[in-house]
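Please read this report beside the sequence and the coordinates.

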Amino acid sequence: MSPSLSHAKLYIVGIGPGGAEHLTKKATDVLLGSEYIIGNGTYLDQIKEIIHDKKIIRSGMGGEVERARKAVELGKDHIVSIISGGDANVYGMAGIVLEVAQKAEDIEIEVIPGVTAISAAASLLGAPLINDFAIISLSDLLTPQKMIDQRLRSAAEADFVIALYNPKSRSRKENFGRALDIIRKYRTENTPVGIVKNATREGETVIATTLGTLMEYDNIIDMSTIVLIGNSESKLWKNRIITPRGYQRKYEY
Ligand code: SAH
């Protein structure tokens with residue numbers, strides 16, 4: 001165990017988008033130094049090689065509040081890691097764990113950053129972000145639909161590149177189309193769109209298309225996918241998307 005992991009502490013660890021090579025060195029050290037690892041099944045499986053000798057608390061998807069409570073309770077007396085896919089600050093466990101911890105005394109907490117899915121997806125697409133961008137989750141489980149619609153309108157109107165997380169689930173198929181209807185009011189049919197499914201893990205699929213032809217790929221879009229909509233300056237190049245940073249306004253190249 002590394003010397004820094006010698007006393008009770010709760011770590012909230014982002015484990016990256018999937019591929020083992022995208023788990024950071026720091027996250028690896030913290031996981032190896034922990035007594036307990038708490039997470040849902042999918043994410044625990046993602047790191048199973050390095051946590052096989054740990055005490056593992058496996059919880060179902062959706063049981064986040066209970067999982068956070070358990071982590072805070074255990075973290076008072078043990079070295080504990082609670083894990084999130086990608087980064088724990090991007091629709092991950094950092095928020096609920098700190099909310100629960102506010103009510104607990106005497107707990108030391110550290111959040112360990114991870115490679116979030118949009119970083120992995122953007123890299124696969126080349127350079128689609130570069131300038132200002134907005135990430136919006138289409139999941140209405142914890143955010144009212146009205147607020148999602150408002151954020152989509154505002155981001156589209158302000159010409160942000162827009163990355164959609166949680167675009168479509170089995171029980172929630174219709175609001176992906178609803179989101180596109182909003183975005184289409186502000187973007188032309190030629191706007192580049194990237195679809196990245198299972199970035200850095202088995203089944204990785206990368207498609208660069210346009211808003212006009214996006215629906216041809218509708219059937220592959222699910223909860224393992226990010227849909228990225230370019231801004232008014234984004235361009236397609238081979239199977240890539242490039243959003244100019246603005247150099248073209250100052251330089252010739
Ligand atoms: N904390 C995570 C996001 C959790 S929300 C992070 O930082 O990446 C779950 C959503 O993230 C999924 O519905 C999907 O839209 C996106 N996602 C997570 N991993 C992904 C991957 N490997 N490839 C594509 N999208 C991914």
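This is a predicted model: local features need pLDDT of at least 70, side-chain atom pairs count only at pLDDT 80 or more; totals for chains, interfaces and linings use all residues.

## Domain arrangement

The domain assignment of the protein chain gives two entries, domain 1 spanning residues 9–115 and domain 2 spanning residues 118–242. Taken over C-alpha atoms, the centres of domain 1 and domain 2 are separated by 28 Å, and the contact between them draws on seven residues from domain 1 and nine residues from domain 2.

Helix α5 covers residues 117–125, and within this helix Ile 118, Ala 120, Ala 121, Ala 122 and Leu 125 are buried. Gly 126 follows α5 and has a positive phi, near 105°.

In soluble globular proteins, nonpolar side chains tend to be buried together. The largest nonpolar core in this model has 22 residues, and the members that touch the most other members are Leu 152, Leu 164, Phe 176 and Leu 214. At least two residues of this core come from each of the strands β7 (133–137), β8 (161–165), β9 (192–197) and β11 (225–229), and likewise from each of the helices α6 (145–157) and α7 (174–184). Helix α7 gives the most to this core, with a contribution of five residues.

Which residues does Leu 214 touch, not counting residues up to four places away in sequence? With those neighbours set aside, Leu 214 touches Phe 176, Leu 180, Val 193, Ile 195, Thr 209 and Ile 221. Another core, made up of 18 residues, lies apart from the largest one, and its members include Leu 10, Val 97, Val 100 and Ala 101.

## Exposed positions

On the surface, Tyr 247, Tyr 251 and Tyr 253 form a nonpolar patch, and the accessible area of these three residues together is about 460 Å². Tyr 253 belongs to the segment after β13, a strand that covers residues 240–242. Tyr 253 counts as exposed because its relative accessibility is 73%, whereas the cut-off for this class is over 50%.

Is Asn 219 buried or exposed? Asn 219 lies in the loop between β10 (205–210) and β11, and this residue counts as exposed because its relative accessibility is 68%. From C-alpha to C-alpha, Asn 219 and Ile 107 are 46 Å apart in space, while in sequence Asn 219 and Ile 107 are 112 residues apart.

Notes: Residues are numbered from 1 along each chain as its sequence is written. Side-chain values use heavy atoms; hydrogens and water are left out. A nonpolar core is a set of buried Ala, Val, Leu, Ile, Met, Phe, Trp, Tyr and Cys residues joined through side-chain atoms within 4.5 Å. Buried means under 20% relative accessible area, exposed over 50%, partly exposed in between (1.4 Å probe, protein chains only). Helices (H or I, at least four residues) and strands (E, at least two) are DSSP runs, numbered from the N terminus. Contact means heavy atoms within 4.5 Å. Patches are made of residues with over 30% relative accessible area and no salt bridge: like charges are joined within 9 Å, nonpolar side chains (Val, Leu, Ile, Met, Phe, Trp, Tyr) within 5 Å. Accessible areas come from the Shrake-Rupley method with a 1.4 Å probe; for residues, only the protein chains shown count as cover. A salt bridge is a side-chain nitrogen of Lys or Arg within 4 Å of a carboxyl oxygen of Asp or Glu. Domain bounds come from an automatic or database domain assignment.
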